[in-house]
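The exercises below are meant to be worked through with the structure in view. Each has a task sentence, followed by a solution that goes step by step.

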Amino acid sequence: MLPYLARRLLDCLTVLVGVSFIAFALLFLTGDPTYLLVPENFSRAQIAEFRHLAGFDRPWYIQYADFLRHAAVGDFGLSLRSHLPAMPLVAERLPATFELAVAAMALSLIVTLPLGVVAATHRRTLIDSACMAGGLLGQSTPTFWLGLLLILTFGVDLRWLPVSGRGGLAHLILPTVTLAMYTMGRNARVVRASMLDVLANEYLRTAQAKGLPRVSVIYRHALRNALLPIVTVAGLDFGVLLGGAIITETVFAWPGLGRLIVNAIYEKDFPIVEAAVITIATVFVTLNLLVDVAYAYLDPRIRYS
Amino acid sequence: MQRAGGDYREKSMSASATRPIAAHGLVARSFRRSPGAVIGLLLLLLIVATALAGSWIAPGSPNAVRVEARLLPPLTLQDGVMHWFGTDPLGRDILSRIVVGARISLLVGFTAVLVGGTLGTAIGLVSGYAGGRLDRFVMRIGDMQLAFPFILLALAVMAVLGPGLRNIIGVLGISSWVTYARVVRAEVLSIKEREFVLAARALGAPLPRLLVTHVLTNVIGTIIVLATFSVASTILAEAGLSFLGLGVGASTPTWGAMLSDARDYMTDGWWLTAFPGFAILLTVLAVNLIGDWARDYLDPRLR
């Protein structure tokens, strides 16, 4: 396990260096940031001097090495708009996004585990078809549209729930449902498929033949074994949710990372974009690693060498 | 080293148990027996027909601003023009805009998938065939790309390139190569060492040709299934990017941009949000229904 972990950590590091290169290249391709930084009334000589002092006249690989050195200690420079360090600005938005993503993930699991199990145990019945049709509908609904409809119904017409900003539980409900819809749709189908695979096994027939209660057979024996693909999907989901949060946060004015990124992109505030991209990639890569480790615990047959 | 999860899926996708797709009678029969697929196909045909029929259905130019006709509810007849889906705050006919939006959505969805699928398949073939350093390098680049949430990568690139039809097709297409490349590569690796391949090679058959004929015939089913679902997700992604203002561009009506415009006028008329959203939902649902059938038929192991 340890050599495997060490190698995976090294892999993660390579991936992050690659991501930093992509982030840097994107910035570099937008052109010389000098003009975004200097006041309009600067003379040509002053601009040239500024460019030299800021190091923008150096070759790209030297600039990249410089960028990497600073990025390694979390220094992404100052936001071009607020002139505050970029990384702390990103970091202070993380909890809001995590709150939303975790809530969405929890909702998705709470809804899809029982639904998928029921669909699998009632295969080819009306219940199964309804669950699967619902799942497909969830997967096909555009997030932002669902968000708008929820705002219109529960916020504007019924006035039951707040429609924007972050606060207590009430603020969390609409964005969570919106964000979770896609993963709910997909996971219901994954749980069902995984359960069907497991239910076909002979040891379950044995368990049933021994006279174990059906509930115990399904939930203790079958579901446990069906969890493996679900863990993979759930791990990947968190990344999908982080990405989906970009749109959901925009719809609900949720003060998270997604909204920060979208605004930074509109304002061409590239240090913020870079810091946020690398932060998200780091979270993503770490989660993937955790999923792999979780695998080894859930399935003793998997041995990493 | 790949993620165990990735491995699991690749293996389940790569073994060569896909059905030959050339059995026409079978295809038709299986299709007819799947009500979902029939509904999906009919829906998609309807949407394609709407997009193609264009000016016959749409009463006016999608960008014609008529202040006197602003915010008319659906089924309003004004100045001899029937506004089936109503008008927006600038008096533009919503049906006309939805029709043009259908063209953009379908064009982006199908073209981007064609770009991504072709690119990914080619990369997977070369990478699996070449092996060694090149293979490791390519797969690592794939890992890097998967370390980005897809929409974030698309956003960042669109921010750099600027809005535009060609840009969005390029971005959505190129960023989807990894899935195809992984599936094709796994198939190449498993086939490269098979005895019939080794025998054919010993007889002097060139390996590249062997790979193309054997690998492609084996994975084409999986590729079609992946591609169908990715048409659906690409259409959603395009709508999302347009909603954020980083799509095709302000002068072209797209479904996502229509919803974005509607945000400020949501309370003025339900039809502003309802119709563009329904258009996206129905299109994506239609493609997903077809994808579901394709998966059950072509690659039952993916179920």
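**Exercise 1. Describe how helix α4 (residues 94-130) of chain B and helix α10 (residues 207-243) of chain B pack.**

Solution. Begin with the geometry: the two helices pack at an angle of about 145 degrees and their axes are 8 Å apart, where axes are lines fitted to C-alpha atoms, for helices over the stretch in contact, and angles run from 0 to 180 degrees between N-to-C directions. Helices (H or I, at least four residues) are DSSP runs, numbered from the N terminus. This is a predicted model, in which local features need pLDDT of at least 70, side-chain atom pairs count only at pLDDT 80 or more, and totals for chains, interfaces and linings use all residues. Residues are numbered from 1 along each chain as its sequence is written, while chains are lettered from A and ligands numbered from 1 in the order in which they are written.

Next, find the residues in contact, meaning that their C-beta atoms, placed from the backbone, lie within 7 Å. α4(B) contributes, among them, Ser105(B), Gly109(B), Gly116(B) and Tyr129(B), and α10(B) contributes residues including Leu207(B), Ile223(B) and Glu238(B). Finally, sort this contact by class, which gives 15 nonpolar, seven polar and one charged residue; Ala, Val, Leu, Ile, Met, Phe, Trp, Tyr, Cys and Pro count as nonpolar, Asp, Glu, Lys and Arg as charged, and the others, Gly among them, as polar.

**Exercise 2. State which domains chain A is given, and describe the contact of domain 1 with domain 2.**

Solution. The domain assignment, automatic or from a database, gives chain A domain 1 (18-71) and domain 2 (86-298). Their centres, taken over C-alpha atoms, are separated by 39 Å. The contact takes eight residues from domain 1 and six residues from domain 2. On the side of domain 1, the largest share, four residues, comes from helix α1 (residues 2-29) of chain A, and that side has six nonpolar, two polar and no charged residues.

**Exercise 3. Work out how chain A meets chain B, and how α1(A) packs with α5(B).**

Solution. Start with the whole contact, to which chain A gives 45 residues and chain B gives 38 residues. The side of chain A has 30 nonpolar, 11 polar and four charged residues, and α1 is one of the elements that give two or more residues to it.

Then turn to α1(A) and helix α5 (residues 132-146) of chain B, which pack at an angle of about 70 degrees with their axes 9 Å apart. α1(A) is therefore roughly perpendicular to α5(B), a term that covers 65 to 115 degrees. Thr14(A), Val15(A), Gly18(A), Val19(A) and Ile22(A) meet Arg140(B), Asp143(B) and Met144(B) in this contact.

Methods:
Two residues are in contact if their C-beta atoms, placed from the backbone, lie within 7 Å. Angles under 35 degrees count as roughly parallel, over 145 as roughly antiparallel, 65 to 115 as roughly perpendicular and the rest as oblique.
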